[in-house]
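Subject: Structure handover

Hello,

Here is the structure for you to take over. My notes on the ligand site, the pockets and the loops follow below it.

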Amino acid sequence: MAQDLVDGLLIKARSHLPPPSEPLGKLSKRDRKGVAVIKLKNPPVNSLSLEVLTEFVISLEKLENDKTFRGVIVTSDCPGIFSAGLDLTEMCGKSQAHYAEFWRAVQELWLRLYLSNLVLIAAINGVSPAGGCLISLTCDYRVLADNPKYNIGLNETLLGVVAPSWFKDTLVNTVGHRTAERALQLGLLFPPAEALRVGMVDQVVPEDQVHSTALSVMAQWLAVPDHARQLTKSLMRKPTADRLVKQRDADIQYFLQFVSRDSIQKSLRMYLDKLRQKKG
Ligand SMILES: CCCCCCC/C=C/C(=O)SCCNC(=O)CCNC(=O)[C@H](O)C(C)(C)COP(=O)(O)OP(=O)(O)OC[C@H]1O[C@@H](n2cnc3c(N)ncnc32)[C@H](O)[C@@H]1OP(=O)(O)O
């Protein structure tokens, strides 16, 4: 893989342009070695369309297979928005085959991220609801920019849908059962200070320090021998991932049934209309 990936890897919805070079902060070259940056770029809100999900998986797979890389910083190229979560238009008015393909892609990205051998650090530089939050929760460490607008959480119930069991498991594994239960039932989106208090994120820092902090944290995680850290990560996470692996097809069937219901289609459409009308 091209060496310039060390400096940045843009995931774009409609382009496969080579990544622009990006300064990697104050760390020395040695510290930066082996660290790639995945910047989500699907304006206006970095929604996770089928195309973005697929490109994300391909990029991760390439990085996993390239032994030059030991860590990835996941961040956003859209100002103020880490990711608006799953692309709601992929779940509205489409065919069963499309829903199945979309959901398999969501599963695949989660599995890739959650079980990645790489150190993944989320540099959360914007609002991060639902699927956006899930991406950050799969990372090994989360740094959130201190901006009151940058809420983070699994707000699915507010859309009238249910976060799947593996979304729930990812949250429980991060914040514990009681906090997860309350957050999931109420669809809570936490502002930075609250997100830190409940353990949804590991650090809150001024906005201009998110990237440099992510790099410092990365250096600490990369100081641990890879094989020991990777096996420990697997020990912690594989039981959760295996629960989905064992019932992937059933999970897709459940999603198909759920998303095809008239009541769910109505809820999703109303939510999208509300977003669109917000502009006035
Ligand atoms: C058994 C399984 C059941 C199903 C489980 C499904 C699990 C679901 C997971 C999800 O991730 S669902 C998505 C949840 N996401 C949200 O609730 C976020 C919604 N968006 C927002 O709150 C805001 O857009 C924002 C992210 C805070 C940004 O606000 P801003 O004011 O900057 O932009 P907007 O004007 O609101 O949006 C611009 C543009 O983008 C469209 N849009 C926003 N979010 C999405 C999305 N998730 N998917 C598709 N499109 C989205 C929005 O409608 C606007 O469109 P236009 O009006 O420009 O056409």
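**Pockets, ligand and cavity**

Strand 6, helix 5 (165-175), helix 10 and helix 11 each give at least two residues to the lining of the largest pocket. Helices (H or I, at least four residues) and strands (E, at least two) are DSSP runs, numbered from the N terminus. The model is predicted, so to speak of local features a pLDDT of at least 70 is needed, side-chain atom pairs count only at pLDDT 80 or more, and totals for chains, interfaces and linings use all residues. Residues are numbered from 1 along each chain as its sequence is written, and side-chain values use heavy atoms, with hydrogens and water left out.

The largest pocket has a volume of about 1,300 Å³. A pocket here is an open set of points on a 1 Å grid over the protein atoms alone, with protein on both sides within 12 Å along at least five of seven lines, whereas a cavity is a set of points where a 1.4 Å probe fits but cannot get out; lining residues have an atom within 4 Å of a point. Grid points are joined across faces, edges and corners, and a volume is the space filled by probe spheres set on the points. The lining of the largest pocket counts 49 residues, with Ala-84, Leu-86, Leu-88, Tyr-271 and Leu-275 nearest its centre. By class, this lining has 30 nonpolar, 11 polar and eight charged residues. Ala, Val, Leu, Ile, Met, Phe, Trp, Tyr, Cys and Pro count as nonpolar, Asp, Glu, Lys and Arg as charged, and the others, Gly among them, as polar.

The ligand takes up the space of the largest pocket; a molecule sits in a pocket or cavity if more than half of its atoms lie within 2 Å of its grid points. Around the ligand are 25 residues, and the closest are Ala-84, Leu-86, Tyr-271, Lys-278 and Lys-279. Near means that a heavy atom of the residue lies within 4 Å. Strand 6 (126-129), helix 10 (248-260) and helix 11 (262-277) each supply at least two residues of this shell, which divides into 16 nonpolar, four polar and five charged.

Polar contacts (pairs of N or O atoms within 3.5 Å; within protein, one must be able to donate a hydrogen and the other to accept it, and residues adjacent in sequence count only if both atoms are side-chain atoms) include these:

- Leu-86: a backbone N or O atom lies 2.8 Å from an oxygen atom of the ligand.
- Gly-131: a polar backbone atom is 2.9 Å from an oxygen atom of the ligand.
- Asn-155: a polar side-chain atom lies 3.1 Å from an oxygen atom of the ligand.

On its own the ligand has 1,100 Å² of accessible area, and the protein covers 80% of it (Shrake-Rupley method, 1.4 Å probe; for residues, only the protein chains shown count as cover).

The second largest pocket has a volume of about 320 Å³. Of its 16 lining residues, Cys-139, Asp-140, Asn-173, Met-236 and Arg-237 are closest to the centre. Helix 5 and helix 9 (226-245) each give two or more residues to this lining, and helix 9 has the largest share, five residues. The classes are five nonpolar, five polar and six charged.

There is one cavity of 30 Å³ or more, and the largest cavity holds about 70 Å³ of space. Its lining includes Leu-86 and Gly-131, and divides into nine nonpolar, two polar and no charged residues.

Lastly, the loop between strand 2 (35-41) and helix 2 (50-65) contains Pro-44, which a cis peptide bond joins to Pro-43, with omega about 10°. Asn-46 is found in the loop between strand 2 and helix 2 and has a positive phi, near 55°.

Regards
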